[in-house]
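Keep the structure open and follow along.

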Amino acid sequence: MIHPFKKLLTAASLLVVGAVTHTAHAAAYTYEFKTFFDTSTTDNLVDTKTLNYSVASLQISDTAGGVVLTLTQNVNPFPALTSAGTFIEALWLNTAAGTAAGQSGVALTSPSGYVAAGFSQDAGYNYKWNLDFQSNAFAEGQSAVVQLTGAGITADSIVAAKAPIMLDLANVGGVYGSAANSHVHFVVGKAVAAVPEPVTAMLMSLGVFAMVGLKRRRH
């Protein structure tokens, strides 16, 4: 006859293993865009400046066959060229080859997708993915949800890429833009891993409690 406590331990352990396995294969990260290449300096392809606020945020989550990207332009005080405010024009990142499709919010436009030959941006960073959004459409307070699908496309692979994810912000003004060139490029900071769901955290705690209890009983 199996002791009730051992039954509880077994059940809890299986649940914890399942929860850990699930979270290990369904990574999620959040990025903030605060650092930009300062066009007011003599070497704007290298010189950067970091704000004390974020102009945009990006969530990357694993899904079946790829990842889902949720990009939001925050309502922010960054100088704009016109009263319409700033617009997100493009997002550049690296991961394996695949296809991109807009799911909701601001739509993608041509030539969005994977670029096998790659392309360079500020500071010599090289990218394989170009996600273009409709011009003058991605305004402050708006979001876009995009899915990248393909073998090897994961949230972890994007986070591990050498080149930081880069954002093209348009219609910028002040000392950073003019009618001739109103674009500034932002790069992300360190990725923040998503906190486990409450149910997952509870199951992991239950498993730890059960294992500690078993250890004590053995002594």
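This is a predicted model: local features need pLDDT of at least 70, side-chain atom pairs count only at pLDDT 80 or more; totals for chains, interfaces and linings use all residues.

In what follows, a residue counts as buried under 20% relative accessible area, as exposed over 50%, and as partly exposed in between.

**The chain as a whole**

The secondary structure amounts to three helices and twelve strands. The chain has 219 residues, and buried ones make up 39% of them. Among contacts with a separation of 6 or more, 71% are between residues 24 or more positions apart. The accessible surface is about 11600 Å², and carbon and sulfur atoms hold 59% of that.

**Cores**

The largest nonpolar core has 36 residues. Which of them touch the most other members? They are Phe33, Leu69, Leu91, Ile165 and Phe186. Strand 1 (residues 28-37) supplies the largest share of this core, with four residues. Apart from it there is another core of eight residues, including Ala90, Ala163, Met166 and Val187.

Setting aside neighbours within four places in sequence, its contacts include Phe33, Leu58, Leu69 and Leu71. Also on the list for Leu91 are Trp129, Asn130, Leu131 and Phe133, along with Ile165, Met166 and Leu167.

Why can strand 10 (residues 166-170) be called largely enclosed by the rest of the structure? Because five of its five residues are buried. Both faces are covered, with Met166, Asp168 and Ala170 buried on one side and Leu167 and Leu169 buried on the other.

Strand 10 pairs with two other strands. Five bridges join it to strand 5, and the two run antiparallel; here Phe87 stands opposite Ala170. Four bridges link strand 10 to strand 11 (residues 184-188), again antiparallel, and in that pairing Leu169 has Val184 as its bridge partner.

**Aromatic pairs**

The model has nine aromatic pairs. Two of them are set side by side here.

| Pair | Centre to centre | Angle between planes | Geometry |
|---|---|---|---|
| Phe78 and Phe186 | 5.5 Å | 70 degrees | edge-to-face |
| Phe133 and Phe138 | 5.1 Å | 80 degrees | edge-to-face |

Phe78 lies in the loop between strand 4 (66-73) and strand 5, while Phe186 lies in strand 11, so this pair ties together parts that are 108 residues apart in sequence. Both Phe78 and Phe186 are buried. They also belong to one aromatic cluster together with Phe36 and Tyr176. As for the other pair, Phe133 is buried at 3% relative accessibility, and Phe138 is buried at 0%.

**Thr95, a buried loop residue**

Thr95 sits in the loop between strand 5 (87-93) and strand 6 (99-105). Is Thr95 buried or exposed? Its relative accessible area is 13%, so Thr95 counts as buried under the 20% cut-off. What does its side chain make a polar contact with? The partner is the side chain of Ser157, at 2.7 Å. Leaving out neighbours within four places in sequence, Thr95 is in contact with a list of residues that includes Tyr114, Lys128, Trp129 and Leu148. Gly152, Ile153, Thr154, Ser157 and Ile158 are also among its contacts.

**Ser83, an exposed loop residue**

Ser83 is in the loop between strand 4 and strand 5. With a relative accessible area of 85%, Ser83 is exposed. Ser83 and Asn171 are 88 residues apart in sequence, and their C-alpha atoms are 9.6 Å apart.

Pro111 is part of strand 7 (residues 108-120).

Ala123 has a phi of about 60 degrees; it is in the loop between strand 7 and strand 8 (126-133). Its relative accessible area is 41%, which means Ala123 is partly exposed. Asn136 has a positive phi too, of about 55 degrees, and is found in the loop between strand 8 and strand 9 (143-149).

Terms used
Residues are numbered from 1 along each chain as its sequence is written. Side-chain values use heavy atoms; hydrogens and water are left out. Buried means under 20% relative accessible area, exposed over 50%, partly exposed in between (1.4 Å probe, protein chains only). A polar contact is a pair of N or O atoms within 3.5 Å; within protein, one must be able to donate a hydrogen and the other to accept it, and residues adjacent in sequence count only if both atoms are side-chain atoms. Contact means heavy atoms within 4.5 Å. A nonpolar core is a set of buried Ala, Val, Leu, Ile, Met, Phe, Trp, Tyr and Cys residues joined through side-chain atoms within 4.5 Å. Two strands pair if DSSP finds at least two bridges between them. Rings of Phe, Tyr and Trp (its six-membered ring) pair if their centres lie within 6.5 Å; planes under 30 degrees apart count as stacked, over 60 as edge-to-face and the rest as tilted. Accessible areas come from the Shrake-Rupley method with a 1.4 Å probe; for residues, only the protein chains shown count as cover.
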